[in-house]
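Here's a quick briefing for anyone opening this structure for the first time. Take a look, then read on.

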Amino acid sequence: MALAHDPSSPSASLRPRHGSRECDELVERFDECLKGVGAVAVLTGAAGSGKSSILRAFLSAVTASGGVALSAVASQRERHRPLGVIDQLLLDAPATLGGDRSRAALLGVAPARPLSAAPALRAVYDAPAMKQLWNGLEAFAAHTPLVLAVDDVEFIDRPSLDCLRFVCSQIRDSRVLLVVTHADSAAESGTLGGGLVQQLIGHAPERRIPVSSLSPEQVSAQLAEILGADAPAVANPEWASFTGGNPLLVRALAEDHLLAADRSQTRAPEPVPGDRYGQAYLSCLRRADPRAAHLVRATAVLESSSSMAFLPAVAEMPLDAVGRLARTLESGGLLHAGRLPHARLRQAVLTDTSSEETRALHRRAADLLYRDGVGADKIAVHLVAAEDASEPWALDILQDASRSALRADDIRFAARCLDLAYDACVNDDQQASITMQRARIEWRNNPGAALRHIRSLTVALSEGRLAPSRCLHLVKPLLWQGRQAEAIEALERLTSDPLAPQASVEFQVTHLWLRSYQPSLLVEQPWIEDWSSLVDLPSATASPGLGAMAALSHVMHHGPSAEAARTATWALEALSLDDATLCPIECALYVLIYVDQPAEAMQWCDRLLEEAGARRAATWTATLGGIRAEAALRQGDLPGAERYARDALAAIPTWSWGVAIGSPLATLILATTAMGTLESLDDLDVAVPESMFDTRYGAEYLYARGQLHLAQGHLNAALEDLLACGRMLTDWGVDVPAFLPWRSAAVEAFLRLGCTREAATLAAEQLERPGADRPRTRGIALRALAATAGPRERLELLKEATEALQGTADRVQLAWAHADLGESHHERGDARRARTQRRRAAHLAEQAHAWPLHRRLSTHATSGSQPLQGAPDVELSALSSAEVQVASLAAAGLTNREIARKLYITTSTVEQHLTRSYRKLGVSGRADLPPRLAQLPLDEPVRQSS
C-alpha cells in the first residue's frame, strides 16, 4: 500500500474497506494535512452513536498506509488524573519522535514509566515544556504523517487540555491532524466538558463531523449482517424503536436475539431484549454527560409511577435544559418519545445507580406528587422505593395505595406498602390496624402464613392493648385455626363497649357465619346469642352479602326454601369476587347446593374459579374448588367431584387449611367410596385437627368416614361415626337432611347389623326433619324407609323414591333407587320389571362411574352393554346380591351362625336368604348349591330384610 504522504494517491490508500461518510470526511481532512495544513477534526454525536468505531477505523487506515497514529481515551473515572491523556498519547510513541530524542529525554521520565510518575510533572505543561513537546511532534510529522486522536474528549483532565490547546495553537502550518470525539450532550453541561471543543481548538482550522444515528434502512442492513437470513426480524419496526438507530444497541439487541433463539430453538421476528442490550445501554449512559445520565435516571424513577410531567422538578433542571438534553438523548437512542426505549432498561438503570441517589430521587418524586394531589398509588410507588415513610401524610397514602393494589391483585406491592406503613405508626391502634390488613393480604394465598400476623394481635388482646373495634376481625381467623379460647376472648372484649354502626354490620356477618359454620360455639357460649339480641343489627336484606349469609343460616337451621334460593342467586349476581365477599359468595353457593340446584352452583363455581385463577388467589381457588367438588358430587359426577376435591386440597398447603380441610376431604372420601377406588386414598397423609370436630367441617368428615367404613364392611365403626355426626348436628340445631342425610347411612349400618327396629326408627325420623320434602332429600329418605319395610310396602316406597329422585340431578342416588326397585320386583317374581329397573340402574351407574353398584347388577341390567365386572353366571342372575353373598358362604361350607357373624346379620336373616336362594336355583339344600358360588367375590353389602 502506498504511504499516506505520497501525493500521488493520498485518499485511495486511506479509505477503510467498510467506508462511511464520516470516514470520507476524515480522509479528506488528512489529505489537507499532508499538504501542510494541520487541523482539528471533531466527531460529534450521541453516546454510543458509533463515533469510537469510526475513529478506530480511520486510525487503522492511517497506520496501514504508513502513517503514525497516537491515540488516547479520556474517561470520567480518570478525569482527575493529571496529564493522563498526554501519557496515553505518548506512551507507545516511536523512539524517533522528536528527532534524536526519545520520549524519556523529551519528558524527563524513565522509559516505560507513566508520565504521571515524573518528578517534574507540573513543569511539563509550562510554556517551555509544551513548546518542547510540540517541536518534537512537528519535527516527526515532517517525515511521517502524524494523527493525534482523543476519544471522549469531554472527559479530558485539565493539564492534558492545556497541552492540547497549545498544540492547537501551533497546528495550522504543520502536518499534524488532531481528531477528537465529543458527545453532543456535553454541550449542555456546566462542567469542564461543557464548552471543551471551543476551548481546545482556539484559532485552529476545525471541522465538525456529525455522526448521526442509523436510519431504519441502515438498522436493517446491520441486522442482516448479524442475523443472516432472518428476514422477519430485519423487517420488524421494533428494532429501530428499541435502539433509536444506536449501532451499539442494535448489535447488543441482535446478540440477545440470537441467544434467545438458541435457547428456545425458534426465531421470533420481534427483538428479545436481554442482558447484553441492558449492558450496552448502560455503557452508552456512562459515556454520556453526567447531567444527561442524571436525567435518564430521573426518567427511570418517574416511569415507575408514569409521572413524567414532574421530570424537570425531580431532576432539578430548567425545563429548556431538560428539553435540549432529551433531544440529544433521543438522537442517540437513549430515550424514545421522552421515555426509556424498553421497560427492561428501567431496572437496569436503577440497579446501576447508587442507592443514595435512587432514594433521593424517589423521595423528591413522592413529595412533588403528594403536593400536586396525585393518586395515592403513584405516590406510594416512590415511598416504597425510597423506603421512607417519615412524612406525616405517608401512613394514609400507603394504606390507600395498599387497598388499590389489592383491587388490582398486586399482592406483593400491597404487602410492601403495609410493611412500610407499619414503620410510620405512632400508636398501638394504628399498628393493630396495619397488622390486620397485612394478615388479610397473606390470607388470600396462604391462610396459615397469616397466623404470624395474628399472633401479635392476640398478644395485644391478652395484654388489653387491642381496641374492641379490632377484636371482631380476629374471630374467624382464630376459629379457622381452631383457637377457640382466644376467639371467645376476642368476642368478650368486643362486648365491653357499645358497637358503632359499621361494627354492627361486621358483628352481624360474624354472627351469621358462626350460625352456619361453627354453631357449637353459640351453643357453648349462649351469652353471644343473648348479647346479639341487644345490638341494633342491620336487616339481612340490607345487602347481598348479608342476605346470602342469612339464607345459609336459615337453610342450616330450618331447611331449604325457595326464598333462600332466590336470595342466593341475587347475591351471586350482585357480588364481585374479592377478599371481603368470598364468604358470602361461599354461603350463596352452598344454598344452591342444598336446595337441589347443584348445576347452577357448578356454573357459578366455574366462572368464579376462572377469575380466581386469573387473579392468582390460591385461597379463593381452594375454597371455590371444594364447593365445586361438592356440587359435582350432588350432581352424580363422581370423577369430577374427586378431581375438584384433589385440586382444592393442592391449591394451598394442607396445614394451611385449618379446620376447613374437613369439607374437601369429606367430598373426596365420598366420591372415591362411591366409585370403589378406595386405594386412591392411600396417597393422602392428612392429620385433621381435633378442633375441626367443633365445626360443620367435622360433621361432614364424620359422615364421609362413616360411608367409607360401610363400604369396607366395618359396620360398628361406620355406625359410631354416623351417630356421632348426628349427635353433633342435633345438639347444634342444624340437623337438616339437605345438609347431611346421616340417618339414611345409619339405617343401612343398623340393618346390616341386624338392628331392624333402630333402622326403622331412624328412617321414619328422617322424613320428619325440616326440608325433607325436597326431592333429593325425600328420595333418599324413602329409599332408607323402604329398606326397613315389608315386600309390598317396600315396592311402593321405592317407586315413590324413584319418582322423587327422577327430578333431581343426582344420578348416583337415582341409580341406587332403580337398583333397589329392581330387586324388589325380583323378590315379587316380576322378572320383566326387575330387568328394566336393573338396566336403568346400570346405565346411570356407568354414567356416574359408580362401579360398586355397577358390579352388583346382573348382565341383563343394560341392554346392549358389555357384561358387568364381577357379575355371576347366568343361572345365578336370579339371586339378589344379598342372596349371592349368603349362598356363596354357605357353598364354601360356613354354618348359618358363622355366616351371620361374618355379615353382621341375624341367623334368621341367613335362613331367609338361603330359603329364597334354594327356590330360585331349584335346589333342595346347601349341598346342591353350585360349587362356583364359593369363588365369587364377597365385597358387596348385604341389605337386611324386614
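Helices (H or I, at least four residues) and strands (E, at least two) are DSSP runs, numbered from the N terminus. This is a predicted model, where local features need pLDDT of at least 70, side-chain atom pairs count only at pLDDT 80 or more, and totals for chains, interfaces and linings use all residues. Residues are numbered from 1 along each chain as its sequence is written, and side-chain values use heavy atoms, with hydrogens and water left out.

**Helix α42**

- Spanning residues 811-827, α42 has 17 residues and reaches 24 Å from its first C-alpha to its last. That's close to the expected 24 Å, taken as 1.5 Å times one less than the number of residues.
- Most of α42 is covered, with 14 of its 17 residues buried (under 20% relative accessible area, 1.4 Å probe, protein chains only).
- Where α42 starts, D810 has a side-chain oxygen within 3.2 Å of the backbone nitrogen of V812.
- After α42 comes G829, with a positive phi near 85 degrees.

**The sheet**

- An open, parallel sheet is built from 5 strands, in the order β2-β3-β4-β1-β5; strands pair if DSSP finds at least two bridges between them.
- β2 (68-73) and β5 (206-210) are at the edges with a single partner strand each, so one side of each has no neighbour in the sheet.
- Strands β3 (residues 146-151) and β4 (residues 176-183) run parallel and are joined by 5 bridges.
- In that pairing, V147 sits opposite L177 in β4.

How values were computed. Buried < 20%, exposed > 50% of the residue type's maximum accessible area, 1.4 Å probe, protein only. Polar contact = N/O pair within 3.5 Å; in protein donor to acceptor, adjacent residues only side chain to side chain.
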